[in-house]
Structure formats: structure tokens, C-alpha cells
Amino acid sequence: MDIIFIRDLRIDTVIGIYAWERSIRQTIRLDLEMATDIARAAASDRIEDTLNYKAVAKRVIAFVEQSEFQLVETLAERIADLVRSEFPVPWLRLTLNKGGAVRGAQGVGVIIERGTRD
């Protein structure tokens, strides 16, 4: 199994349970690791033979920017569902960081893994 990753993808969205959070946009940070097999792409040197990380990032950005979830858990789960249903990704690990949510902490959030690793 090979992994294609996206690190520190920053997206502004409405996220939170408090009234003041519902009236502003906050920046969340995502790390995404996605299982794939890069052998065919390495042999052909063609983007069509690999998982296109730019397409994944653009789709995730569009989704997150339009979302208005209360919990980071819900947002993380929905992103994982979206990636696995729209792209050939049998397994992923997603880290969602909502910086500034806890005083004194650089960030808080969730790490989830979905699917099957070979």
C-alpha cells in the first residue's frame, strides 16, 4: 500500500456549538493520508493513473467552505465519507485541527481512520 497525503490544508468554515461561533468563519487545518497504489502511475508518468491530490483537495475545500457543522467529529466523518465515495480511496486517515478552541493549546481536534488498509 502506498499513501498520497495532503498536509496542513487550511479552510475557513462555520464550525462550533456556541452562538458566537455560528456567526463567524474559523480556519480549520486538515491532514489527509489516502491509501492508493502508485505503481501504475510511476510506470506511465500520467496523472490519469494516480489519485489526483489536487482534485481531492479542491473537492474537500468546496465541501468544507459550504458546511456549517457544530462538531469537528461530524465534519471529519463527512469529509472521510466524501473522499471515500468520490475517489478510489480504500483507506484514509484524517486529522482535523480546530486551532484556538482551547486556551493555551496550539490545537485540538480529531484523528480518524476509515476503510481497510492492505
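**View 1. The largest nonpolar core has 28 residues.** M34, V60, V83 and L96 have the most contacts inside this core. A nonpolar core is a set of buried Ala, Val, Leu, Ile, Met, Phe, Trp, Tyr and Cys residues joined through side-chain atoms within 4.5 Å. Buried means under 20% relative accessible area (1.4 Å probe, protein chains only). At least two core residues come from each of β1 (2–13), β2 (26–36), α3 (53–66), α4 (72–86), β3 (91–97) and β4 (109–115). With seven residues, α4 gives the most. Helices (H or I, at least four residues) and strands (E, at least two) are DSSP runs, numbered from the N terminus.

The model is predicted: local features need pLDDT of at least 70, side-chain atom pairs count only at pLDDT 80 or more, and totals for chains, interfaces and linings use all residues. Residues are numbered from 1 along each chain as its sequence is written, and side-chain values use heavy atoms, without hydrogens and water.

**View 2. Contacts of V60.** Beyond neighbours within four places in sequence, V60 is in contact (heavy atoms within 4.5 Å) with L9, I11, L30, I79, L82 and V83.

**View 3. α3 meets α4.** From α3, V56, R59, V60, F63 and V64 take part. Their partners in α4 are L75, R78, I79, L82, V83 and E86. By class, this contact has eight nonpolar, no polar and three charged residues. Nonpolar covers Ala, Val, Leu, Ile, Met, Phe, Trp, Tyr, Cys and Pro; charged covers Asp, Glu, Lys and Arg; the others, Gly among them, are polar.

**View 4. T36 in strand β2.** T36 counts as buried because its relative accessibility is 16%. Leaving out residues up to four places away in sequence, T36 touches M1, D2, I4 and L51.

Notes
Buried means under 20% relative accessible area, exposed over 50%, partly exposed in between (1.4 Å probe, protein chains only).
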